[in-house]
Amino acid sequence: MLCADLGPEEGDARFFRILREHVTRERRRYQNASTADFVRLAEEVAERDLRWFFGPWVFGTDRPEVRFDWREQVRDGSGADVFLSLEQTQDAPHYPKGSPYPVNPDFFPIPWEVRLYSGAGDSTSVVVWQNTRFHATVLSADHRVTRVAIDPDRWWLRNLEQRPAIDGGRLLAGPLPNPFRSE
């Protein structure tokens with residue numbers, strides 16, 4: 001999931017290349033390496049800045065506590081739009097030995113795999129980047145959606161629960177009709 005935007009095959013290939021090069025590169029073979037050395041190698045092989053990952057996950061404490069909610073809105077035809085909301089409710093990661101980076105997120109940035117299931121068992125998978133504590137998005141499926149699974153293969157160490165939550169006065173799961181009318 002370090003390279004989730006690359007797709008599972010390319011992301012896995014880069015991940016295993018990081019591990020292989022960590023133990024086989026001439027300057028590392030039979031040597032010790034610091035965490036900073038490993039982070040530099042991972043960023044070099046992945047060809048991207050991975051501080052978003054290493055900051056909270058390696059140098060911070062705790063894990064994400066995530067509430068999610070969703071609502072389906074049927075489109076004309078057989079498809080549906082799904083209003084999905086994710087909210088991290090844990091305290092910010094604590095950096096007991098100080099921060100190795102100048103800016104640390106107060107949440108865990110995560111590329112979530114979201115699987116949208118139909119009543120017949122068909123599914124559509126998409127990756128949703130949660131890059132803020134509260135993240136809402138609209139996903140499209142070519143079928144009616146009866147169930148939504150966040151991180152269905154349990155790649156992330158997290159506590160995940162489905163339930164409506166409120167963030168800054170907003171209800172999760174997109175626009176809902178308000179039955180209240182002032183007259």
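This is a predicted model: local features need pLDDT of at least 70, side-chain atom pairs count only at pLDDT 80 or more; totals for chains, interfaces and linings use all residues.
The chain contains three helices and nine strands. Along the sequence, these elements follow the order α-α-α-β-β-β-β-β-β-β-β-β. Of the 183 residues, 39% count as buried. The accessible surface comes to about 11,000 Å², and carbon and sulfur atoms account for 49% of this area. Among contacts with a separation of 6 or more, 66% link residues 24 or more positions apart.

The largest nonpolar core has 29 residues. Leu84, Leu86, Trp112, Val114, Leu116, Val148 and Ile150 have the most contacts inside this core. Two or more residues each come from helix 2 (35-46), helix 3 (51-59), strand 1 (65-74), strand 2 (80-88), strand 3 (110-117), strand 5 (134-141) and strand 6 (147-150). Helix 2 gives the largest share, five residues. Beyond its neighbours within four places in sequence, Leu84 is in contact with residues including Phe68, Trp70, Val114, Val128, Leu139, Val148 and Ile150.

Strand 3 is largely enclosed by the rest of the structure, because eight of its eight residues are buried. Ile110, Trp112, Val114 and Leu116 point one way from the strand. Pro111, Glu113, Arg115 and Tyr117 point the other way.

Strand 3 has antiparallel pairings with strand 4 (residues 123-130), over eight bridges, and with strand 6, over four bridges. Leu116 takes part in both pairings: Thr124 stands opposite in strand 4, and Val148 is the bridge partner in strand 6. Five residues lie between the strands in the hairpin of strand 3 and strand 4. In this hairpin, Gly121 takes a positive phi near 95 degrees.

Definitions and conventions. Residues are numbered from 1 along each chain as its sequence is written. Side-chain values use heavy atoms; hydrogens and water are left out. A nonpolar core is a set of buried Ala, Val, Leu, Ile, Met, Phe, Trp, Tyr and Cys residues joined through side-chain atoms within 4.5 Å. Buried means under 20% relative accessible area, exposed over 50%, partly exposed in between (1.4 Å probe, protein chains only). Contact means heavy atoms within 4.5 Å. Accessible areas come from the Shrake-Rupley method with a 1.4 Å probe; for residues, only the protein chains shown count as cover. Two strands pair if DSSP finds at least two bridges between them.
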